[in-house]
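Open the model in your viewer and keep the selection panel at hand.

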Amino acid sequence: PASWLGIPDMSFVERQRGMIFAQFGTTQALPLLHHLEQNASAVFRRYRVTLATDLALTYAHGKEVEQSAEQLTSALQLNQQTRSVDRTRRILKIRAMLDPYRNSRAVRSLDEVLRTTVKTDPAVGAAVTVPAAPRLA
């Protein structure tokens, strides 16, 4: 790949490896994804959302609920700049993995950010389903 694309040397291979490791949920993904996150240019906003969701996915596979929710919250905040419906759907898919922990403080906080973020973004709001607010008995 050409360096003008922002993909110099072996970083393209590292990106692909990180995404594959995240899909399989292997902990080998974490150091690689954190390294990529630290070195990703702010210009590549959509890719930074992808990195945050890959980290969230890896943490979710490892049942590290707080870290996964934190990364999803970060992804939501980054995605407000790009307003990607695909990235929002990915965030929600990973959020669904955390459903057994929906009563945890981290997931409740994530759900609140989700409801606020998606409802205020008309480009995304109509295209996705957000977890419902908890009902008071």
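**Whole chain**

Start with everything selected. This is a predicted model. Color by secondary structure. There are 7 helices and 0 strands, so expect the pattern α-α-α-α-α-α-α along the sequence.

The accessible area is about 8200 Å². Carbon and sulfur atoms account for 54% of that area. Of the 137 residues in the chain, 39% are buried.

Next, turn to contacts between residues at least 6 apart in sequence. Of these, 54% join residues at least 24 apart.

**Helix H4**

Select residues 65-82. This is helix H4, with 18 residues. From its first C-alpha to its last, H4 reaches 26 Å, close to the 26 Å expected at 1.5 Å a residue.

Which residues of H4 are buried? Show these side chains: Val-65, Ser-68, Ala-69, Gln-71, Leu-72, Thr-73, Ala-75, Leu-76 and Asn-79.

Step past the end of the helix. Arg-83 follows H4, and its phi is positive, near 55°.

**Helix H3 against H4**

The crossing of H3 past H4 is left-handed.

Now show the side chains on both sides of this contact.

- From H3: Arg-45, Arg-46, Arg-48, Val-49, Ala-52, Thr-53, Leu-55, Ala-56, Tyr-59 and Ala-60.
- From H4: Gln-67, Ser-68, Gln-71, Leu-72, Ser-74, Ala-75, Leu-78, Asn-79, Gln-81 and Thr-82.

Ser-68, Gln-71, Leu-72, Ala-75 and Asn-79 are buried, and they take part in the contact with H3.

Is Thr-50 buried or exposed? Its relative accessibility is 9%, so Thr-50 counts as buried; the cut-off is under 20%. Leaving aside residues up to four places away in sequence, Thr-50 touches Met-19, Arg-87 and Arg-90.

Move on to Asp-54, also in H3. Asp-54 has a relative accessible area of 1%, so this residue is buried. With residues up to four places away in sequence left out, Asp-54 touches Met-19, Ala-22, Leu-33 and Arg-90.

Finish by selecting Met-19 and Arg-90. Both touch Thr-50, and both touch Asp-54.

Definitions and conventions. Residues are numbered from 1 along each chain as its sequence is written. This is a predicted model: local features need pLDDT of at least 70, side-chain atom pairs count only at pLDDT 80 or more; totals for chains, interfaces and linings use all residues. Side-chain values use heavy atoms; hydrogens and water are left out. Helices (H or I, at least four residues) and strands (E, at least two) are DSSP runs, numbered from the N terminus. Buried means under 20% relative accessible area, exposed over 50%, partly exposed in between (1.4 Å probe, protein chains only). Contact means heavy atoms within 4.5 Å. Accessible areas come from the Shrake-Rupley method with a 1.4 Å probe; for residues, only the protein chains shown count as cover. The expected span of a helix is 1.5 Å times one less than its number of residues. A crossing is left-handed if the near helix is turned anticlockwise from the far one by less than a right angle, and right-handed if clockwise.
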